[in-house]
Amino acid sequence: MTKTLLFLAHRIPWPLDKGEKIRPYHIIRHLAARYDVHLGCLTEGEAEPSLVPALLPFCATIGAFPIDRGRQKLRALLRARPGRPLMPDFYFDPALNNWVRELLRARRMDAIYVSSVAMFPYAAAAAGTRRVLDAIDIDSEKWRAYARDAAFPMRAVWAREARTLLAYERKAASMCEATLFVSEAEARRFVELAPEAALRVDWVENGVDLERFSPEFASASPYDGEGPVVVFTGNMDYWPNADAVTWLSEAVWPAVRQSWPAAEFWIVGANPTAQVRSLAARPGVRVTGRVADTRLYLAHAEVCVCPLRIARGIQNKVLEGMAMGRPVVATPAAFEGVRAVAGRDLLVAEGAEAFGRAIDAVLRGWYAEM
């Protein structure tokens, strides 16, 4: 008899254009070989519910429930109490919660897989069922980094979220049979923060689809300029991504352009913020918005960059660039967790001057020979 599993995700895991979708999608595909997977997830935007059919080959049932970010922010603020983090309330939806409760009443689940701490409230009451928490990253550490770099009053807001969310992460881990992270470094750091969970913490690293992201990928170039192209790919309403491309455009790119006047920096990804869109006014900077396939942009770029200053876990964009045989330049924060050798497999540089020199070195040693 096939076992049954409830999989909870804070985003519908399709299309595979963001790390928070890529990891759960591949885990669902893996689990579907041994379980009847019942997927409960949240959707954002009018188009996302239409993505459900793409997941039906791997799921017995799917409950996909739309949320509005503005309404969810208000819900989280109204439910705020001393010691209560905002994130779990931001991702709480009564319709999904009812769907989960009815499913657990109707079917016996052999296990519940909780993808991200944000989804643990939906599984909190299922004490009799084996629960695996895939925390992925230590979210509280991310908020702590936000607080470090923010000005008042957001510094106080992010610091509070870091403090209260860590307490919630520890509580969730204590109630689950296992807690997973995306890298050994993340797992070891969580054990430092929550030593009581040491015997139930492990890690499952992200990989990359080597058939999809391959040096053999063939396509026409999407670029229309004459000079070399430096590219960044990622969802551009995610603050660390927006911060990264802003920093490169302002602190690194002018020096690169002095040596390479025709060079272009392409920022490729959905939902660019107003700040990111404004970068297109700078010489040699292009902002695309959502594209159908990022592989076109990776395949025809001379350099793939990952200048993240705040990062947790493993960066899929680094793996994808390397898998496609492109030279990659990354910051130490973006390199953390990647099983590669700096200086051989990619270049790692810290600080604006060093990052610019690394880009220039790649262009002089690789593009000049084209």
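Guide: One definition is needed at the outset: helices are DSSP runs of H or I with at least four residues, numbered from the N terminus. With that numbering, α12 is followed by Gly-325, whose phi is positive, near 75°. Please note also that this is a predicted model.

Visitor: Which residues of α12 are the buried ones?

Guide: They are Asn-316, Lys-317, Val-318, Leu-319, Glu-320, Gly-321 and Ala-323.

Visitor: Let us turn to the sheets. What is the strand order in the open sheet of 7 strands?

Guide: The order is β3-β2-β1-β4-β5-β6-β7, and the pairing is parallel. At the edges are β3 (61-66) and β7 (201-203), each of which pairs on one side only. From one strand to the next, the twist averages 20°.

Visitor: How many bridges hold β1 and β2 together?

Guide: Strand β1 (residues 3-9) pairs with strand β2 (residues 35-43) over 7 bridges, in the parallel sense. As one example, Phe-7 has Leu-39 in β2 as its bridge partner. Helix α1 (residues 19-31) packs on this sheet, where it touches β1, β2, β4 (111-115), β5 (130-136) and β6 (178-181). The direction of α1 makes about 175° with that of β1.

Visitor: And the open sheet of 6 strands: what is its order?

Guide: That sheet runs β10-β9-β8-β11-β12-β13, again with parallel pairing. Its edge strands are β10 (285-289) and β13 (347-348); each has a single partner strand, so one side of each lacks a neighbour in the sheet. Strand β12 (residues 328-330) is joined to β13 by 2 bridges, and Val-329 has Leu-347 in β13 as its bridge partner. Helix α9 packs on this sheet, touching β8 (229-233), β9 (264-268), β10 and β11 (303-306), and its direction makes about 170° with that of β9.

Visitor: At what angle do α9 and α14 pack?

Guide: Helix α9 (residues 239-259) and helix α14 (residues 352-365) pack at about 45°, with axes 9 Å apart. The two helices are therefore oblique to each other, and the crossing is right-handed.

Visitor: Which residues make that contact?

Guide: From α9 come Trp-247, Leu-248, Ala-251, Val-252, Val-256 and Ser-259, and from α14 come Ala-352, Phe-355, Gly-356, Ile-359, Asp-360 and Arg-364. By type, the residues of this contact divide into 8 nonpolar, 2 polar and 2 charged.

Visitor: What about α6 and α7: how do they cross?

Guide: The axes of α6 (residues 139-149) and α7 (residues 154-174) come within 8 Å and cross at roughly 165°. Angles over 145 degrees count as roughly antiparallel, and α6 and α7 are therefore roughly antiparallel to each other. Their crossing is left-handed. The residues that meet include Trp-143 and Tyr-146 in α6, and Trp-158 and Leu-165 in α7. In total, the contact of α6 with α7 divides into 8 nonpolar, 1 polar and 5 charged residues.

Visitor: One last point. Where does Ala-198 sit?

Guide: Ala-198 lies in the loop between α8 (184-193) and β7. Its relative accessibility is 34%, so Ala-198 counts as partly exposed. The C-alpha atoms of Ala-198 and Ala-187 are separated by 9.0 Å, and these residues are 11 residues apart along the chain.

Conventions
Residues are numbered from 1 along each chain as its sequence is written. This is a predicted model: local features need pLDDT of at least 70, side-chain atom pairs count only at pLDDT 80 or more; totals for chains, interfaces and linings use all residues. Side-chain values use heavy atoms; hydrogens and water are left out. Two strands pair if DSSP finds at least two bridges between them. Axes are lines fitted to C-alpha atoms, for helices over the stretch in contact, and angles run from 0 to 180 degrees between N-to-C directions. Contact means heavy atoms within 4.5 Å. Buried means under 20% relative accessible area, exposed over 50%, partly exposed in between (1.4 Å probe, protein chains only). Angles under 35 degrees count as roughly parallel, over 145 as roughly antiparallel, 65 to 115 as roughly perpendicular and the rest as oblique. A crossing is left-handed if the near helix is turned anticlockwise from the far one by less than a right angle, and right-handed if clockwise. Ala, Val, Leu, Ile, Met, Phe, Trp, Tyr, Cys and Pro count as nonpolar, Asp, Glu, Lys and Arg as charged, and the others, Gly among them, as polar.
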